[in-house]
Amino acid sequence: MNMRAAVLRGQSLSMPIECVAIDEPRADEVLVRVVATGICHTDIKVAMVPGLSPRPIVLGHEGAGVVEKVGANVRKLSVGDHVVLTFDSCGQCPTCVSGKPSYCYEVAAVCFGGKRLDGSTTLTCNHEAVHGNFFGQSSFATHAIANERNAIRVRKDAPLELLGPLGCGLQTGAGAVLNSLRLGAGQTIAVFGTGAVGLAAVMAARIAGASKIFAIDIAPERLALAGELGATHVINGAHEDALAAILAQTGRGVDFSLDTTAVEAVTRQAIECVGPLGTCGLIANKGPTQTVPVNILGAMLRGRSVRGIVQGDSVPDIFIPRLVDFFMEGRFPFDRLVRFYDFEAIDEAMHDAETGAAIKPVLRMGPSTL
Ligand SMILES: NC(=O)c1ccc[n+]([C@@H]2O[C@H](COP(=O)([O-])OP(=O)(O)OC[C@H]3O[C@@H](n4cnc5c(N)ncnc54)[C@H](O)[C@@H]3O)[C@@H](O)[C@H]2O)c1
Ligand SMILES: [Zn+2]
Ligand SMILES: [Zn+2]
């Protein structure tokens with residue numbers, strides 16, 4: 001079947017929309033008509049940094065759409081189901097079988113390899129193989145092949161064209177708080193960086209009943225939004241020493257912190273602001289060689305932990321429908337972060353994601369249904 005997809009051929013944020021042929025779904029796969037797809041900073045990183053994924057490739061990993069075909073062995077989904085597409089995982093390695101699929105041993109192959117695990121590609125353009133399967137979806141396209149595992153059924157009364165970002169950025173921030181750190185009522189958290197990931201963490205901390213939620217950024221309009229979404233203290237790191245401000249308000253530091261900036265001086269503050277037996281979660285990085293120094297005595301005396309977090313430790317079949325429920329109840333108003341673009345304006349949307357002009361750009365594949 002022919003469809004339209006944004007094909008990336010070089011190191012660039014520009015992806016011309018081309019006519020691409022997409023495979024039939026195999027036994028464990030589904031074909032999804034993409035309604036809309038979010039843009040995440042990982043799309044930007046893969047587009048700009050050589051070596052992370054092969055070329056030509058169709059990126060996009062926050063798709064939402066409608067199931068059009070199901071493979072012979074698919075049990076979880078039916079034609080017509082509304083789905084959010086999330087990260088893929090192998091389903092068989094020790095982390096997958098123990099319910100932590102975001103740490104799948106095969107993550108490099110299934111999310112970044114551009115092929116099925118058997119080496120085949122799902123896409124071709126004028127008989128040239130095009131890499132698909134990016135995060136098991138490649139959803140910068142009108143249609144996507146996903147594995148049954150990474151297509152998550154969602155309720156039909158929710159606005160489908162909004163839901164794609166739940167598949168990565170929003171699940172990451174919210175899951176970091178609710179699944180990874182397991183913040184409890186009355187505890188405190190500092191969230192460094194208030195982009196889509198950080199703001200999802202702020203909203204989740206409010207849902208969990210945090211007593212103090214510090215939001216730190218250098219963009220005043222993002223800090224204002226963080227205040228509206230639940231932050232009890234907003235700190236502009238360009239003008240204020242965030243570490244000193246947090247210690248002044250808490251005495252011994254916060255129970256939890258998250259770094260979503262990957263700015264080394266900020267990451268250090270995120271570690272240093274954690275009090276006794278607290279945990280700092282690291283969500284962002286600038287590449288495989290980035291490091292930050294850690295004060296060993298400070299960490300030791302406080303019993304402080306520092307841990308990495310991928311996709312908020314989500315079990316997507318459980319967590320994404322839960323986030324949709326929170327949204328429908330008005331407790332997780334992530335629509336405040338979203339700016340819609342037509343698919344044809346993908347270059348503008350990528351640019352606005354990169355500059356920060358839009359917090360969460362979402363590409364609409366057809367006319368709005370909102
Ligand atoms: N670990 C995962 O599973 C996972 C999943 C999705 C995204 N990510 C990563 O998380 C990161 C955040 O994603 P996002 O979509 O929220 O991006 P974003 O760029 O919108 O958010 C980062 C925020 O940090 C702020 N910032 C920059 N410099 C700062 C400074 N010196 N002090 C304070 N704040 C500063 C920016 O103003 C921005 O608001 C990205 O690096 C992304 O690749 C990780
Ligand atoms: Zn992402
Ligand atoms: Zn696995």
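A residue is called buried if 20 or more other C-beta atoms lie within 10 Å of its own, exposed if 12 or fewer do, and partly exposed in between, with C-beta atoms placed from the backbone. By that definition Pro50 is exposed, because 9 other C-beta atoms lie within 10 Å.

Before I continue, a word on conventions. This is a predicted model, in which local features need pLDDT of at least 70 and side-chain atom pairs count only at pLDDT 80 or more, while totals for chains, interfaces and linings use all residues. Residues are numbered from 1 along each chain as its sequence is written, and chains are lettered from A and ligands numbered from 1 in the order in which they are written.

Pro50 sits in the loop between α1 (41-48) and β4 (63-70); helices (H or I, at least four residues) and strands (E, at least two) are DSSP runs, numbered from the N terminus.

I turn now to the sheet. Six strands make up an open, parallel sheet in the order β12-β11-β10-β13-β14-β15, where two strands pair if DSSP finds at least two bridges between them. β12 and β15 (305-308) are at the edges with a single partner strand each, so one side of each is left without a neighbour in the sheet. Within the sheet, β10 (residues 188-192) is joined to β11 by five bridges, and Thr188 stands opposite Lys212 in β11. Helix α7 (residues 242-250) packs on the sheet, touching β10, β11, β12, β13 and β14 (274-282); here contact requires C-beta atoms, placed from the backbone, within 7 Å.

What are the buried residues of helix α6 (residues 220-229)? They are Arg222, Leu225, Ala226 and Leu229. Seen down the axis of α6, these fall within an arc of 105°, so they line one face of the helix; the arc is that of the directions from the helix axis to the C-beta atoms. The buried residues of α6 pack against α5 (196-208), β11 (212-217) and β12 (233-236). On the face turned away from the buried side are the exposed residues Pro220 and Glu228. Just after α6, Gly230 takes a positive phi of about 140°.

Finally, the ligand. Of the 32 residues around ligand 1, His41, Gly193, Gly195, Val197 and Ala284 come nearest, a residue being near if its C-beta atom, placed from the backbone, lies within 6 Å. Two or more residues of this shell come from each of α1, α4 (169-180), α5 and β11.

Key:
Two residues are in contact if their C-beta atoms, placed from the backbone, lie within 7 Å. Axes are lines fitted to C-alpha atoms, for helices over the stretch in contact, and angles run from 0 to 180 degrees between N-to-C directions.
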